[in-house]
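I opened a notebook page for this structure. The entries below follow the order in which I looked things up.

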There are 2 protein chains.
Amino acid sequence: MQERARATRRSLLEAAACLFAEQGYAGTSVNDISARSGRTSGAIYFHYASKEGLALAVVKDRFATWPALAAPYTDPAVPPLERLVALSYEIARALAEDTVTRAGARLWAERDTIDAQLPDPFALWTTAATRLLAQARTTGHLAHHVRPAATARTLVRAFFGLCTLTEALEGPQTVTDRLTDWWGLTLPSLQRGTDPAEAVSRAA
Amino acid sequence: MQERARATRRSLLEAAACLFAEQGYAGTSVNDISARSGRTSGAIYFHYASKEGLALAVVKDRFATWPALAAPYTDPAVPPLERLVALSYEIARALAEDTVTRAGARLWAERDTIDAQLPDPFALWTTAATRLLAQARTTGHLAHHVRPAATARTLVRAFFGLCTLTEALEGPQTVTDRLTDWWGLTLPSLQRGTDPAEAVSRAA
């Protein structure tokens, strides 16, 4: 792709992400995106075919950042449960602060009103959490009764509900504190023979 | 209100709840509700003023059932944490099976697209959970570090996320099993000196 076309696509995608995050999908028109980006609506149809196409591109752009976001949490020198907790804070921060991530979460919440199949991030998160729990088993940090895959599934859903409901009810500024409360309730069940409060405070 | 007017209001409300639960708010027209209920759209405007008015009435109808739903869980003969777990299964069942509850949850998820202030159930649930945790403190069943109000807030959000995401990703039939997984991770942190697995299986 030529440099200029790439710049146009990027500016359309960023304008759309801002507007979807702020106003939702139904509340954002192609004209709004054109006005915010300073590009013509013709450019939107040329590069993304439709508003649905742009929504899908925003969601895919969010997934493209996942490997870079997750990479720091593969360091084997750090205990796996500590990495799991730290990764959850990283995702919570992205959900509270990063425009494309916020837009992705809102588009997913509004998925029934969007005429496109939007992929969700839960499989990626669950795979990452399963791997970290399995590593914690190997290193002897995981409680005996914990099954990594089933537990990862439960953790991801409760975590996402906690973050999104906290933001809806209180705003984004308290998400980190509530996440600490949640880990305080949850982490002791995962751990074998370490101090849960210490693991949460080190990772936060 | 006369008997006939009450019957009309009820049939409109039930038709609207079904359609909101199935198709969402934006996907349901006043004409759809008229067709489903067998009443005229004039009756809708006469009794509820607007589609927003009907949405609000559905949500309020859901709250009206709360005291009856919560009442069985006030029995002081049953340990408070066991009542908390049992109440969560009751709410999860309503979220999975009861039309008005399902409609209320979906309308809340779509609240940004609805031109009305829809109350949410989280304050009611959190108050009930706080009371049960405080009772567990009194009866000596609550772990020392647990603060009832903050913990109730965390539990309600994680619980709701677990139920709604499970339904979205897997359908309603697995919600009860996933809730059991979640309590298995969460209940041990609340309890002082009882067997968590036993409390979950008794209450389910």
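I looked up the annotation: UniProt, in an unreviewed entry, places "domain: HTH tetR-type" at residues 6-66 of chain A. UniProt positions are in the numbering used here, feature names are shortened, and annotations may be inferred rather than shown by experiment. Over residues 6-66 of chain A I read 80% helix and 0% strand; helices (H or I, at least four residues) and strands (E, at least two) are DSSP runs, numbered from the N terminus.

I noted the sources. This is a predicted model, where local features need pLDDT of at least 70, side-chain atom pairs count only at pLDDT 80 or more, and totals for chains, interfaces and linings use all residues. Residues are numbered from 1 along each chain as its sequence is written, chains are lettered from A and ligands numbered from 1 in the order in which they are written, and side-chain values use heavy atoms, with hydrogens and water left out.

I checked Ala49(A), in the loop between α3 (41-48) and α4 (51-64) of chain A. Its phi is positive, near 70°, though it is not glycine.

I turned to the contact (heavy atoms within 4.5 Å). Chain A gives 30 residues and chain B gives 30 residues.

I counted eight salt bridges between chain A and chain B, each a side-chain nitrogen of Lys or Arg within 4 Å of a carboxyl oxygen of Asp or Glu. Arg157(A) forms one with Glu170(B), the closest N and O atoms being 2.6 Å apart. On the side of chain A that touches chain B, α9(A) gives the most, with 14 residues.
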